[in-house]
Amino acid sequence: MHYFIYASKDSYITEDSPGHIILYPDSTDRNYGGDEIIELKKEFVNSYSTASYNVSRILTQFDYSDVSASIVNGDITSPKFYLRYYEVEGQSESDKTYSLSSFPLSQSWEEGVGKHFDNPKTKKGVTWTDYNSGSAWSLVADTNADSGSRTTGGGVWITGSGYEASQSFVNQSGDIEMDVTNIVNKHIYSSSIIPNYGIITKFSGSYETDGTPQNLKFFSRNTHTIYPPKLEVRWDDHKIITGSATGSMTALTMSGELENHIFIKGLQPKYRESEKVRFRIGCRKKYTQKTFTESMLTSSFYIPEGKGLYSIVDIATDTPIVPFSAYTSMSCDSTSMYFDQWLNTFEPGRYYKVLFKLKYNDGQEIIYDNDEEIKII
């Protein structure tokens with residue numbers, strides 16, 4: 001299953017070098033907590049410059065309480081956690097190579113409501129120099145500020161084995177999909193030692209100080225799109241399909257020589273955001289030999305283990321909200337095939353459709369789109 005936790009707060013902080021560049025005033029004390037766009041950048045005065053006058057870092061915090069409770073009661077087992085930030089359309093960084101790193105913050109911070117174009121600038125809230133207006137970032141044991149030699153601040157975070165996550169980019173989309181499982185596990189399982197103050201994301205190591213300009217822009221939690229930052233929780237909740245679990249059903253032929261039909265049984269047009277739904281799946285050969293019978297044709301087949309996946313797509317944008325993955329295998333019991341989905345992180349008022357993928361023995365992977373739509377209310 002794929003489940004989402006949306007950011008409870010986010011912002012970014014900037015290290016404009018003060019005092020020596022008149023055209024680029026100091027913004028180390030500017031807050032961006034209310035912006036709809038999050039920026040991760042290295043800026044230079046001109047194309048001849050070899051040292052940046054400004055870099056930025058992203059701060060994000062998530063509330064794990066519901067997920068933590070689900071882990072304790074066994075509803076979630078062995079989860080993986082991925083930090084997701086979605087790049088604003090029209091960025092030109094896909095032809096560049098760089099790496100990003102994330103660390104657990106070691107100090108609390110105030111999001112603030114400032115915006116990039118506020119005039120005068122908003123200082124209340126987190127900035128490069130302060131975790132809150134007038135309260136400077138401060139180092140504690142086992143943390144590292146690493147803000148560079150020009151200015152102090154830049155956040156404080158914990159370093160060491162298991163406290164860093166990273167993602168490399170080589171001529172590709174700038175969307176962040178970073179495995180932060182180790183960091184989140186330390187927040188959840190070692191909260192008394194590592195309090196959840198959130199995560200800081202920055203250019204990795206020398207990528208933050210080299211001579212290559214970068215200007216990544218992501219949607220913030222204040223966006224009015226479907227792309228706010230989120231923590232994606234993934235775990236394999238499917239039940240292994242065995243003969244004992246399938247009752248009297250027959251395995252669907254997966255040779256690739258016959259066409260199959262797969263569909264949702266009893267699909268409702270609307271589901272409430274608060275629901276945890278079990279979607280029942282029917283499957284059969286698409287074309288059957290004509291016979292005469294007094295009984296109704298029923299779907300009494302199951303898809304063999306590892307051969308069936310599902311996906312959920314936002315219809316308006318054609319964006320996979322739940323993509324085909326190792327975490328979207330279908331289960332089976334003596335009644336039918338099925339998959340479970342928690343809907344409480346889907347957006348009310350939007351329409352979604354369910355797709356299926358069947359993996360055939362001859363190597364074909366065929367996606368089935370029956371226009372089976374649902375609305376979340």
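Two strands pair if DSSP finds at least two bridges between them. Helices (H or I, at least four residues) and strands (E, at least two) are DSSP runs, numbered from the N terminus. The model is predicted: local features need pLDDT of at least 70, side-chain atom pairs pLDDT 80 or more, while totals for chains, interfaces and linings use all residues. Residues are numbered from 1 along each chain as its sequence is written, and side-chain values use heavy atoms, without hydrogens and water.

**View A. An open sheet of 4 strands, paired antiparallel.** The strand order is S17-S19-S24-S23. S17 (260-265) and S23 (331-332) are the edge strands; each has a single partner, so one side of each lacks a neighbour in the sheet. S17 and S19 (residues 276-285) are joined by 6 bridges. Asparagine 260 has lysine 285 of S19 as its bridge partner.

**View B. Tyrosine 310 stacks with phenylalanine 339.** Ring pairs have centres within 6.5 Å; planes under 30 degrees apart are stacked, over 60 edge-to-face, the rest tilted. Here the centres are 3.8 Å apart and the planes 10°. Tyrosine 310 is in S21 (residues 308-314) and phenylalanine 339 in S24 (residues 337-342), so the pair ties together parts 29 residues apart in sequence. Ring pairs join both to Tyr271 and Phe279 in a cluster.

**View C. Buried residues of helix H2 (residues 181-189).** They are Thr181, Ile183, Val184, His187 and Ile188. Buried means under 20% relative accessible area, exposed over 50%, partly exposed in between (1.4 Å probe, protein chains only).

Methods:
Phe/Tyr/Trp six-rings, centres within 6.5 Å; stacked < 30°, edge-to-face > 60°.
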